[in-house]
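Student: Could you take me through one part of this model up close? I'd like to start with the ligand and then follow the chain from there.

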Amino acid sequence: MDVQILPMQAADVPQVAELEKACFSDPWPESVLSHELENELSLWLVAKNGDTVLGYIGSQSVLDEADMMNIAVRKDAQRQGIAKKLILALCARLADKGVQSLTLEVRDSNEAAIRLYEGFGFLQVGKRPNYYFHPKEDARILRKDGLA
Ligand SMILES: CC(C)(COP(=O)(O)OP(=O)(O)OC[C@H]1O[C@@H](n2cnc3c(N)ncnc32)[C@H](O)[C@@H]1OP(=O)(O)O)[C@@H](O)C(=O)NCCC(=O)NCCS
């Protein structure tokens, strides 16, 4: 499958919002995602096959530190390396902007995501008790340094 990693555009937002709804119990609504397009601190990338959004990743940075807001890949496109491509592309673009570190939160029970992040050398730097709702769960805080 031909997969291209591109900056998210307005036309992608409805599909990204659908994917948010499918993957998360507390999804970002379309209005908030659209707002991200105008936020100069934000960088969102999509993985596309033609006009179809297969996955996305979102980040916000302040000075040389970035936070990964969300990442998801359509169920029928998982385990094909799309999340890896999205993280690699995000890290490269952030590094170009002088960002040194990328931090994220992940549910304690989200083994797939934790494996994915460990593969990129993210290390646990803390925990946020009861960070998530629906269901209530702790978050692990992971960070990768030395992006640049
Ligand atoms: C986590 C997620 C983004 C991974 O997307 P993906 O495109 O399937 O991941 P990739 O194919 O790039 O996998 C990269 C590596 O991650 C790990 N991984 C991915 N899915 C996994 C799974 N279901 N079980 C175990 N390890 C997994 C593996 O190490 C994998 O490498 P491998 O295939 O060579 O073994 C996807 O499962 C998803 O969208 N989940 C729902 C949303 C979510 O939980 N997002 C994370 C929020 S913090």
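Tutor: Start at Gln80: one of its backbone N or O atoms sits 3.3 Å from an oxygen atom of the ligand. Keep in mind that this is a predicted model, where local features need pLDDT of at least 70 and side-chain atom pairs need 80 or more, while totals for chains, interfaces and linings use all residues. Residues are numbered from 1 along each chain as its sequence is written, and side-chain values use heavy atoms, with hydrogens and water left out.

Gln78 reaches the ligand too, with a polar side-chain atom 3.5 Å from a ligand oxygen. For Asn110, a side-chain N or O atom is 2.8 Å from an oxygen atom of the ligand. On its own the ligand would expose 920 Å², and the protein buries 76% of that (Shrake-Rupley method, 1.4 Å probe). There are 20 residues around the ligand (a heavy atom within 4 Å), and Asn110 is among those that come nearest, along with Ile71, Val73, Arg79 and Gly81.

Arg107 counts as buried because its relative accessibility is 17% (buried is under 20%, exposed over 50%, partly exposed in between). Its side chain makes a polar contact of 3.0 Å with the side chain of Glu137 (N or O atoms within 3.5 Å, one able to donate a hydrogen and the other to accept it; sequence neighbours count only if both atoms are side-chain atoms). Leaving out residues up to four places away in sequence, Arg107 also touches others, including Ser25, Tyr132 and His134 (heavy atoms within 4.5 Å).

Next look at Asp108, which forms a salt bridge with Lys127, their closest N and O atoms being 3.2 Å apart (a Lys or Arg side-chain nitrogen within 4 Å of an Asp or Glu carboxyl oxygen). This pair links distant parts of the chain: Asp108 is in the loop between β5 and α4, Lys127 is in strand β6, and 19 residues separate them. Both count as partly exposed, because Lys127 has 43% relative accessibility and Asp108 has 24%. The structure holds nine salt bridges in total.

Notes:
Buried < 20%, exposed > 50% of the residue type's maximum accessible area, 1.4 Å probe, protein only. Helix = DSSP H or I, 4+ residues; strand = E, 2+ residues; numbered from the N terminus.
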